[in-house]
Amino acid sequence: MATITKNPAPSNDATPGPLVKLPAPGARLATIAGSAVALAGTFMAWTWTSEFPGDLTVTGYPAGLQVLVLIGAALTLLFALSGQGIRGLGWLTPGGANAATRLTALGTLGTIGYTMGAIAAELGGVVNLEPGAWITGIGALIAAVAALALPFDQPYPADDSDPGAWARFRHSLTAPAAPRVSSKLPSWAEILIIVAGFALALIVFTYGIGTEGAEPFIGFLITVGFCFTGANRAGVVSRLTALTHKHRNVALTAAFAAALCFPLTQDNDYFALIGTNILIFATVALGLNVVVGLAGLLDLGYVAFLGVGAYTAALVSGTSSSVFDVQFPFWAAVLTGAGASLVFGVVIGAPTLRLRGDYLAIVTLGFGEIFRITVNNLNGKAGPDVTNGSQGITQIPDVVLFGWDLGQPLDIAGFTLGRNANYFLLMLFFTVIVVTVFRRSGESRIGRAWVAIREDETAATAMGINGFRVKLIAFALGATLAGLAGAVQAHVSYSVTPDSYKFASTAPPNSAFLLAAVILGGMGTVSGPLIGGALLFLIPAKLSFMENYQLLAFGLALIILMRFRPEGIIADRRKQLEFHDTGQLDVPEQRLPPEGGVSATKAGA
Amino acid sequence: MTSNGSSPVLDASGVTMRFGGLTAVRNVDLTVNSGEIVGLIGPNGAGKTTFFNCLTGLYVPTEGKVSYKGTVLPPKPHLVTQAGIARTFQNIRLFANMTVLENVLVGRHTRTKEGLFSALVRGPGFKKAEKESKERAMELLEFTGLAKKADHLSRNLPYGEQRKLEIARALASEPGLLLLDEPTAGMNPQETRAAEELIFAIRDQGIAVLVIEHDMRFIFNLCDRVACLVQGEKLVEGTPEVVQRDERVIAAYLGTPFEGAPGADELAEVEAAEAAAPSTNSRTEDAQ
Ligand SMILES: Nc1ncnc2c1ncn2[C@@H]1O[C@H](COP(=O)(O)OP(=O)(O)OP(=O)(O)O)[C@@H](O)[C@H]1O
Ligand SMILES: [Mg+2]
């Protein structure tokens with residue numbers, strides 16, 4: 001494969017070539033020149049007024065969307081130079097540079113195109129664009145067109161001799177898997193790379209949270225989406241993943257440290273609140289991943305367990321709006337919340353998990369709604385007064401841990417941590433617990449039994465697994481983890497109301513979003529639901545102007561993602577092989593027995 | 001028939017399985033003694049797999065009882081495996097997206113105790129048990145010749161190796177009786193020979209084997225005793241020589257002889273052809 005990458009034959013009419021026909025060296029030079037021009041343009045003013053979000057009027061100092069375009073153009077330049085064979089850049093593109101260049105060039109063009117469009121639309125006409133925007137736009141256009149002329153990273157499959165333009169375009173964005181090499185770096189250097197990787201992730205994440213206004217956030221999504229895919233095609237992502245697998249504990253610690261640093265990077269306590277809510281949402285998604293991803297049980301009412309935990313903790317928190325006149329210490333409130341969720345999990349699970357098929361989905365969907373409606377009705381009028389009905393339980397006091405009131409700002413080493421930052425750290429502690437529980441239970445006798453049940457329930461029971469028991473454990477564990485997060489959530493948000501625990505609504509957490517976070521992120525993985533949760537929390541929060549169309553857009557996005565990447569953003573090895581079983585077979589082709597073998601495998605599937 | 005006088009491992013008596021109006025298995029008695037390899041043959045749709053499902057608790061037999069080493073088995077698959085009967089499936093049912101090693105480790109489920117709590121705490125007991133399980137699983141992969149592929153996903157194994165892996169997974173539950181449902185279906189002659197060796201080796205470990213197969217040469221080579229099932233009823237049972245020569249068995253496989261039935265030598269020819277042809281097996285598979 002590598003030899004073909006180096007000797008492309010675009011002029012050969014027999015093999016399908018790239019979309020744009022240009023000699024490869026010229027195309028690469030044009031890409032480099034175009035992205036350099038685009039990069040230069042980001043230092044100029046793009047518009048005359050600071051009314052457009054992110055102040056794009058200053059020359060010599062890129063801001064907002066300009067920074068994003070700058071990064072995109074710089075990456076394009078780097079990938080293109082690496083494709084040119086510049087020494088010292090080879091590590092960037094172990095899997096091939098051309099698809100990565102194409103993707104980043106397209107991403108840059110997308111961001112600048114979107115920006116120019118948004119400026120023109122918002123300020124009323126193209127006259128509002130300063131020359132800087134035009135220079136960048138034209139540079140990005142040249143780079144993108146020239147990048148489309150770069151040769152394929154992997155030859156077009158021989159069986160399709162006359163592919164259409166769309167097929168060739170899609171093929172031009174693929175790259176072969178990077179060859180696996182045993183790294184010769186000393187381990188401290190590898191660890192340093194991991195740390196740098198997580199620091200970068202933290203910066204990207206903080207940038208995303210900090211974007212003000214919808215336009216910079218959309219630009220952020222475009223840039224990150226294309227650049228991440230580009231880096232993926234280039235093979236750096238898989239290199240980094242291989243390193244994190246090698247130094248797993250270092251990676252986990254680095255991830256934890258990066259998360260720990262997050263509140264320190266925020267001078268605005270509001271962003272820390274967003275961070276806390278993301279953490280709660282993502283943690284609950286990870287808990288759901290035990291149920292859905294490992295055991296393969298479809299739970300459509302998972303958010304109700306979050307609600308049970310939150311309400312229970314609120315009732316024993318000592319607030320005056322609770323009917324119980326007790327004030328549990330925080331740890332006891334958390335345990336009570338988790339315990340109540342556990343009880344509900346067992347009560348819901350025990351009768352339904354004996355059945356196969358979709359009964360569980362229906363029952364959990366019903367339970368989710370019953371929980372919300374019941375809580376709404378326990379208001380003293382329709383039923384006994386327990387939960388204050390739709391008013392909810394309010395004025396939940398702040399958590400006091402070892403005499404430290406989390407509601408008060410905390411000063412450590414020159415940093416001031418506001419209330420929300422304190423809660424972020426508290427929630428981070430629970431996230432670590434849930435991650436540990438997920439990993440440890442997944443890699444054990446019980447975790448293997450869950451996966452076996454998911455794969456083939458009949459075979460699993462024939463191997464001696466008590467299906468009902470094992471599924472009930474998964475379901476109850478998932479419920480308990482949600483209850484844990486719910487207890488913290490009640491304190492973070494001061495109040496609990498029934499309407500925050502719906503099946504579907506435009507804002508997380510709700511059952512549909514939780515399920516989507518797991519599926520989008522990647523079932524059965526740790527990082528998948530965390531990333532999926534963060535995305536699904538941020539997108540509705542930042543794009544609130546779409547309000548009425550949010551669920552529609554959400555549905556469309558899900559369909560598109562499932563079409564092009566069914567295994568989710570983070571694929572575990574299994575899923576990746578399940579959905580794309582070409583190219584990656586780690587088993588060499590072997591002769592199957594004549595005729596009988598193949599048909600029998602099919603029949604046995 | 002229990003000529004060698006050893007104690008019965010499996011004792012099924014009067015097993016009947018009805019699906020609505022259809023009686024798939026009718027009043028079948030069968031015993032398997034320790035150290036024995038018993039074959040179960042019969043034309044397609046005779047009820048062999050259904051009988052296996054009744055033995056292993058996947059179906060609750062309409063009538064009859066199954067006992068293992070003297071205790072009556074409850075019709076729950078996991079309890080049957082716990083008691084000591086392991087099986088493979090006619091249509092391979094591996095955990096496709098688990099690795100080869102993980103598949104065998106799942107087979108160890110009944111022989112290990114660690115629950116969720118000890119998995120979370122990860123005490124020394126847990127680590128020791130995991131290590132032992134892994135070692136035992138690797139031994140079994142060694143035994144079946146799959147050790148090199150321990151880290152591969154089981155779905156990526158070639159067909160013959162998937163059958164072997166199913167056997168390894170079944171052996172992981174340390175059974176006293178192994179039920180094999182057409183273990184050589186779809187295999188080429190060399191693979192079939194290797195499977196034969198493997199089954200003898202399993203028997204030599206003291207595990208009794210009950211095997212369904214359409215490949216007559218394989219069955220008559222392998223088994224100490226053969227039972228023939230036709231339309232849910234046990235037609236004959238006996239040593240391979242007896243069953244091989246039984247008119248009713250031949251008739252069941254080739255259809256009832258009519259007036260002026262073909263000569264004996266013609267019959268034998270057809271039978272030999274059938275026994276040799278692996279394509280018979282693939283037809284069987286497609287019928288499922
Ligand atoms: N779950 C079921 N419901 C209804 N009928 C069934 C069921 N399982 C099996 N049968 C019927 O019982 C009969 C026996 O089937 P079985 O699969 O046991 O045959 P077999 O001897 O294993 O055949 P083969 O050699 O093709 O594997 C068939 O007629 C089949 O259609
Ligand atoms: Mg059968």
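In this predicted model, the centres of domain 1 and domain 2 of chain B, taken over C-alpha atoms, sit 28 Å apart. Domain 1 covers 10-84 + 175-276 and domain 2 covers 100-172, with bounds from an automatic or database domain assignment. Local features need pLDDT of at least 70 and side-chain atom pairs count only at pLDDT 80 or more, while totals for chains, interfaces and linings use all residues. Residues are numbered from 1 along each chain as its sequence is written, chains are lettered from A and ligands numbered from 1 in the order in which they are written, and side-chain values use heavy atoms, leaving out hydrogens and water.

Between them, the two domains of chain B bury about 1200 Å², 68% of it on carbon and sulfur atoms; this is the accessible area (1.4 Å probe) lost on putting the two parts together, summed over both. Gln82(B), Pro175(B) and Leu198(B) supply 34% of what domain 1 buries here, more than any other three residues. As for salt bridges (a side-chain nitrogen of Lys or Arg within 4 Å of a carboxyl oxygen of Asp or Glu), the count between the domains is 0.

Then there is strand E3 (residues 37-41) of chain B: 5 of its 5 residues are buried, so the strand is largely enclosed by the rest of the structure. Buried means under 20% relative accessible area (1.4 Å probe, protein chains only), and strands are DSSP runs of E, at least two residues, numbered from the N terminus. Ile37(B), Gly39(B) and Ile41(B) point one way from E3(B), with Val38(B) and Leu40(B) pointing the other.

How values were computed
Buried means under 20% relative accessible area, exposed over 50%, partly exposed in between (1.4 Å probe, protein chains only). Helices (H or I, at least four residues) and strands (E, at least two) are DSSP runs, numbered from the N terminus.
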